[in-house]
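Colleague: I would like to learn how to read a structure like this one, feature by feature. Where do we start?

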Amino acid sequence: MAKPPEPLADVLPQARWVVDAEVIEVVASGPTPPRKDAPPGSTSVGNLAAAQTVKLAVKQVLRGDSVRELVVEKPAAGYALKPGDKGPFLVDANMVILGRYGPDSWHPERIAAALKG
Amino acid sequence: MPQISDRRLSSLYSTFEAQHRSNPSLKLGQEQVFQLLAQIGDRSGWSSNKVLAELKKPGVSREQQVALVQRGMTASEKRDLAAIVDSGQVPLEPSAKQFLDAVLGRSTTVTPPPTNGLTITGDQKNGLSGITKAGAQIEAINLSTAPTGRYRVDDTMVVGKAGQDGRFDMAKLTGDMAMREGDVVRIRARYDDGSTSDWVTINAKGLETRDTRNAAVALFRIGLSDAGNGKIAVTNINASRQISEPGARLQLTNNRTRESFSVTLDDKGNFPANFTVNGRAGDSFTVAATDGKNNVDFREAVGNVTVPGGQPGTQDLVPDPALHKDELDAAGKPRFSKARFTGPLFIDGPKAEDVAQGQIGNCYFPAAMAAIAKINPDAITRMIKDNGDGTFTVTFKQRDWATGRFKDVPVKVDADLYVRSFGGPLYGRSTNSNDARQMELWYPLVEKAYAQWKGSYNDIGNGGLVNDVFEACLGQNAEYMALSWSNETRVFDTIKRALDAKKPVGAGTFGSDESSRYTNTGVYADHAYSILGYEQQGTEKLIVLRNPWAESEPRNNGPNDGIFKLKVSEFMKLFQSLMWVE
C-alpha cells in the first residue's frame, strides 16, 4: 500500500477505543486478497495482507470504556499482526482496527496530544 | 639584480624578477617571502622543504617564524637577504618587508594590533592577510557566491588564525566560497572569549586581471505581493539570507507594460525597505543584475518572478491531470476541489527534506525525488522553468527506443492543486507549509507534471519503480539489484560508490505478503525509501534512509522526520531491492 497513514484528525473521531495494547493471539485469518502483479522492485503496488481477528491485552485505555482485553478485526490491509506486536490501537464501534498501519500508523505522542487537544 | 652570493637564492630571486618583468604590478607577498626564507633557514639541519612546511604550519607565530629562519641563517645569507630588501627590483608588500626586516634584526615600526578590531592588508593574491588580536580566529564569507547557496550572511568559514603578533596571512576561502576578482568578502575575527570584531568588507583584488563574475541572484527569495493602487511590494522572503551581493543593482522589468525599475541592494544584500514597482497581481517581471562591472546594461536576465494572485480560481491556466480513482465519487465526479498555490518555487533550493508523499500510492516517486534532491539538487532546478505567467514547464527525459538516447519531454502545468477540506494538498506536498501562499512548489509541481505526462494521478498512483523516476528526471540509465542475490559488502559498496559519484540511490521493501516482518519495526512493507548517505564506524556499516512520508521511522533515531539509520545487516533483512543511477 505504502500510502502515508490517514490524517489522524480524520480517524480519531471514529475511534470508540484508543488503547495501548499487545497482540496476544491471532484468533483467525481470512483469505488472501487477490494480488496484482508488478515488475520486480515495484513499490506502492497495493497488495493487501489478509484480514485477521486478534485478541489484544490492554495495558492502558486512553479513550473508551475500561477493558482488559479486546477481540478486534484487523481488516485486509498493508500490514499484518502477530503475537507480541504492540502499540496504540484505535478501534471503532464495529471492533475494527483503524489506521492504515494499525499500531504503527501514528506516533503514540501524537495520539496522546490529539486526545488532549 | 642585487648582489646575492647564495646560488639557490639567486636562482629563486631571478624567477621573481622574470615574473615581475612580465607583470609589473607583481609584488612579493607572504608566499614568495616564505620561499626565500626557506632557502635561508635550511642550515639548521632541516631541508628547505622542511623549513617551508614549518613556516606555513597553522598557528606558528611570526616570532616563531623569525626565530626559525634566524637559527639557520649564515652571515652570508643575511647579507643576501639585506640586498634583496634594500636593492631588489621586485617590490615587496609592506607586510612582507616588515617580516624580512624582522628576520634581519632591524628595528621595525610594527603596526600595533587593533584593540578590538581587524585590519585587512595588501591584496588577496595569496589569500587574506591582516592584523587583529593575538590568537584570534579569522572567519570569512564570500557574499558574491553566498546568495545562491544556503548561507546566511553570518554563515562564515574559518579561514585562519592570527599568530602571537596578531598577524595572519594566506587565509583562503575554499569550495563554493573561493574568491575571485571583485568578489565582496566579509571578514571578522573571533577572539578567545567568543566575542568578535566588527565586520570588515572588501572587494577581492589581485586574483585575476579582470572582474568577470557578475552578482549572483537568489531569484527564489524574491517575494512579490500586490500592495494595491497599482503597486507591487518587492521583498526578500527569507531576510536572513541574501538576494544578491551587497551593493548589487537589480532591474525588474514588467513583462506586461515593459516598464523597468532598478534598485541597489543594501549592505546585507537585501532590498531596501518599502521597495515597490508598478504592476498588478498576475504580472510577471524579468530580473537582471549587475555588480557594477558586469552586465551593466542589464542585457542578460537572471529569470522571471510572478506576482501571485490575479483572478485565482476563475481561469484554469493549464488543464489539470485527473484525480486518482479513489478520489472520485460513484458518479465519477471529483470528491476534492482545487486551490491555486502561489508560494515560492524554491526556498533555498531543492532539498530531500522538502518532499512529502500525499494520499496516493506513489511512494516510488517522492522517494526518488528526495534522493535526487539530496545528491543532485541542480538537476531539479534545471528541470523546472517558471514561465512567468503562472505556469511552469517541467522537462522530463524519455528514452527513445530507436536510438537508445534520452529526449526531452516538456510538460506545462499551473500551480492549481487538489486540496483537502482543511486546505492542504491532497497529493504530494512540501514540508514547509500547507498554506497555499507559502508552500514551496517544486515537489508538488514535478509530481503534477509527472501525472500530466503519464495521463492522470491514477496512472502514477498504483505503484511504480524508483528507477523509472531516476531515468525520467536525469536521462541516465538506472540499475536494479535484488538484495536476496547479494551480500552486505557488495550492497554497502554499491551504495557508497553511487553516492560518492553523486548518483541518487533508492531502496524498496518487500511486498505485503511479507508484511508481518515489518510490524513494530518502523519500516513499512511495499514501500520505497531514499538512501541519503552511509556511515562506517569501525567495522559497523550504517545506511541513512528517508521515508518519503517525511515521518515514521524506527525508534531512537532522532526527530520523527522520516530520516533514520540502519545497520547494513538490518537493511538486508528489511529491504528487497536497491536502485541507483549508473
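Modeller: We start at B:Val466, which lies in helix 11 (residues 466-474) of chain B. Keep in mind that this is a predicted model.

Colleague: Is B:Val466 buried or exposed?

Modeller: B:Val466 is buried, because 33 other C-beta atoms lie within 10 Å, and the cut-off for a buried residue is 20 or more.

Colleague: Which residues does B:Val466 touch, not counting residues up to four places away in sequence?

Modeller: With that exclusion, B:Val466 touches B:Tyr364, B:Ala367, B:Ala368, B:Gly506, B:Gly508, B:Ala528 and B:Met579. B:Val466 and B:Ser530 are 64 residues apart in sequence, yet their C-alpha atoms are 9.1 Å apart.

Colleague: What share of the contacts in chain B with a separation of 6 or more comes from residues 24 or more positions apart?

Modeller: The share is 65%. As for burial, 45% of the 582 residues of chain B count as buried. The secondary structure of chain B comes to 13 helices and 27 strands.

Colleague: How should I read a nonpolar core?

Modeller: In soluble globular proteins, nonpolar side chains tend to be buried together. Here the largest nonpolar core has 131 residues, and B:Val217, B:Val287, B:Ala368 and B:Met369 touch the most other members. Helix 7 (residues 364-375) of chain B gives the most to this core, with 10 residues. A second, separate core has 23 residues, among them B:Ile138, B:Ala140, B:Val159 and B:Ile187.

Colleague: What does B:Ala368 touch, leaving out residues up to four places away in sequence?

Modeller: B:Ala368 touches B:Val466, B:Val469, B:Phe470, B:Pro504 and B:Gly506 on that count. B:Gly506 belongs with the next feature, strand 23 of chain B.

Colleague: How do I read the two sides of a strand?

Modeller: In a regular strand the side chains alternate between the two faces of the sheet. In strand 23 of chain B, B:Val505, B:Ala507 and B:Thr509 point one way, B:Gly506 and B:Gly508 the other way, and all are buried. Strand 23 (residues 505-509) is therefore mostly covered, with five of its five residues buried.

Colleague: Which strands pair with strand 23 of chain B?

Modeller: Strands of a sheet pair through backbone hydrogen bonds, either parallel or antiparallel. Strand 23 of chain B pairs with strand 24 (residues 528-537) in the antiparallel sense over four bridges. With strand 27 (residues 575-581) of chain B, strand 23 pairs in the antiparallel sense over five bridges. B:Ala507 shows both pairings: its bridge partner in strand 24 is B:Tyr529, and in strand 27 it is B:Leu578.

Colleague: What does an open sheet look like in chain B?

Modeller: One open sheet has three strands in the order 8-9-12, with antiparallel pairing. Its edge strands are strand 8 (222-228) and strand 12 (276-278) of chain B, each of which pairs on one side only. The twist averages 35 degrees from one strand to the next. Strand 9 (residues 231-236) and strand 12 of chain B run antiparallel and are joined by three bridges; B:Ala233 has B:Thr276 as its bridge partner in strand 12.

Colleague: And which strand order is found in the open sheet of chain A?

Modeller: The order is 3-2-1-4, four strands with antiparallel pairing. Strand 3 (69-74) and strand 4 (86-91) of chain A each have a single partner strand, so one side of each is left without a neighbour in the sheet. Here the twist averages 50 degrees from one strand to the next. Strand 1 (residues 17-29) and strand 2 (residues 52-63) of chain A pair in the antiparallel sense over 10 bridges, and A:Ala28 has A:Thr53 as its bridge partner in strand 2.

Colleague: Which residues of helix 4 of chain B are buried?

Modeller: In helix 4 (residues 62-72), they are B:Arg62, B:Gln65, B:Val66, B:Leu68 and B:Val69. They are on the same side of helix 4 of chain B because they cover an arc of only 160 degrees around the axis. They pack against helix 2 (30-40), helix 3 (48-56), helix 6 (94-103) and strand 5 (167-171) of chain B.

Colleague: How many residues does each chain bring to the contact between chain A and chain B?

Modeller: Chain A brings 27 residues and chain B brings 32 residues. On the side of chain A that touches chain B, 13 residues are nonpolar, nine polar and five charged.

Technical notes: Residues numbered from 1 in each chain as written. Chains lettered and ligands numbered in written order. Predicted model: local features only at pLDDT ≥ 70, side-chain atom pairs only at ≥ 80, totals over all residues. Helix = DSSP H or I, 4+ residues; strand = E, 2+ residues; numbered from the N terminus. Buried ≥ 20, exposed ≤ 12 C-beta atoms within 10 Å, placed from the backbone. Contact = placed C-beta atoms within 7 Å. Nonpolar A, V, L, I, M, F, W, Y, C, P; charged D, E, K, R; others polar. Core = buried A, V, L, I, M, F, W, Y, C linked by C-beta atoms within 7 Å. Pairing = 2+ DSSP bridges. Axes fitted to C-alpha atoms, helices over the stretch in contact; angles between N-to-C directions. Arc of directions from axis to C-beta.
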